[in-house]
Amino acid sequence: MELDLEEILQLEPAEKLTYEREQNLYSIIETIEYLEWAYMSGKVKGKEYDKEFCALYHHYSIIRESMDGFKGLDPFMKKYQLEHCDSAKKVIQKGKSNYKGEETESGLAARVMDITSKMINAIDLLQLEDYYDVH
């Protein structure tokens, strides 16, 4: 009697679904890790990074919630040898990207400095007036 390898390797529908979800979760974690690296190295701009992270995190949440018996991120990462994805793990646990809105409108910093220097000059003038009025 010859064993059919395809028959032996065939998964039950529930096993197949679990396996597919685990594959998706694995891919999302790896992708988030790569996205973190791309953002840290300046290859992806902040707003684009944040948008992509939010989409990936949303998919991560949906898949995680749909997995019966999901024991948590740490055991999953250990089981599938994803320990190298430390950056992904941190942002996933935090639930938000590392984007802080650092890309400001062009010239905004210069305008803020200009306004600040004018305020300081006005305050200095008022202090000088007080000094000469009193003495």
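Predicted model: local features only at pLDDT ≥ 70, side-chain atom pairs only at ≥ 80, totals over all residues.
Colleague: What makes up the secondary structure of the protein?

Modeller: The protein has 6 helices and 0 strands, in the order α-α-α-α-α-α from the N terminus. Helices are DSSP runs of H or I with at least four residues, strands are runs of E with at least two, and both are numbered from the N terminus.

Colleague: Why is α2 called roughly perpendicular to α5?

Modeller: The axes of α2 (residues 13-40) and α5 (residues 86-94) come within 8 Å and cross at roughly 100°. Axes are lines fitted to C-alpha atoms, for helices over the stretch in contact, and angles run from 0 to 180 degrees between N-to-C directions. Angles under 35 degrees count as roughly parallel, over 145 as roughly antiparallel, 65 to 115 as roughly perpendicular and the rest as oblique. The pair is therefore roughly perpendicular.

Colleague: Which residues of α2 and α5 meet?

Modeller: On α2 they are I29, I32, E33, E36 and M40, and on α5 they are D86, S87, A88, V91 and I92; contact means heavy atoms within 4.5 Å. These residues divide into 6 nonpolar, 1 polar and 3 charged. Here Ala, Val, Leu, Ile, Met, Phe, Trp, Tyr, Cys and Pro count as nonpolar, Asp, Glu, Lys and Arg as charged, and the others, Gly among them, as polar.

Colleague: Why does S61 count as buried?

Modeller: Buried means under 20% relative accessible area, exposed over 50%, and partly exposed in between, with a 1.4 Å probe and protein chains only. S61, in helix α3 (residues 46-66), is at 14% and therefore counts as buried. Of the 135 residues of the protein, 22% count as buried. The C-alpha atoms of S61 and I92 are separated by 9.3 Å, although the two are 31 residues apart along the chain.

Colleague: Why does K90 count as exposed?

Modeller: K90 lies in helix α5, and its relative accessibility is 53%, so K90 counts as exposed.

Colleague: What is the phi of Q81, and where is Q81 found?

Modeller: Phi of Q81 is near 55°, a positive value in a residue other than glycine. Most residues other than glycine have a negative phi. Q81 is in the loop between α4 and α5, and its relative accessible area of 62% is why Q81 is exposed.

Colleague: Which helices supply the lining of the largest pocket?

Modeller: α2 and α4 (73-79) each supply at least two residues, and the largest share, 3 residues, comes from α4. By class, the lining has 4 nonpolar, 3 polar and 4 charged residues.

Note on methods: Residues numbered from 1 in each chain as written. Heavy atoms only, no water.
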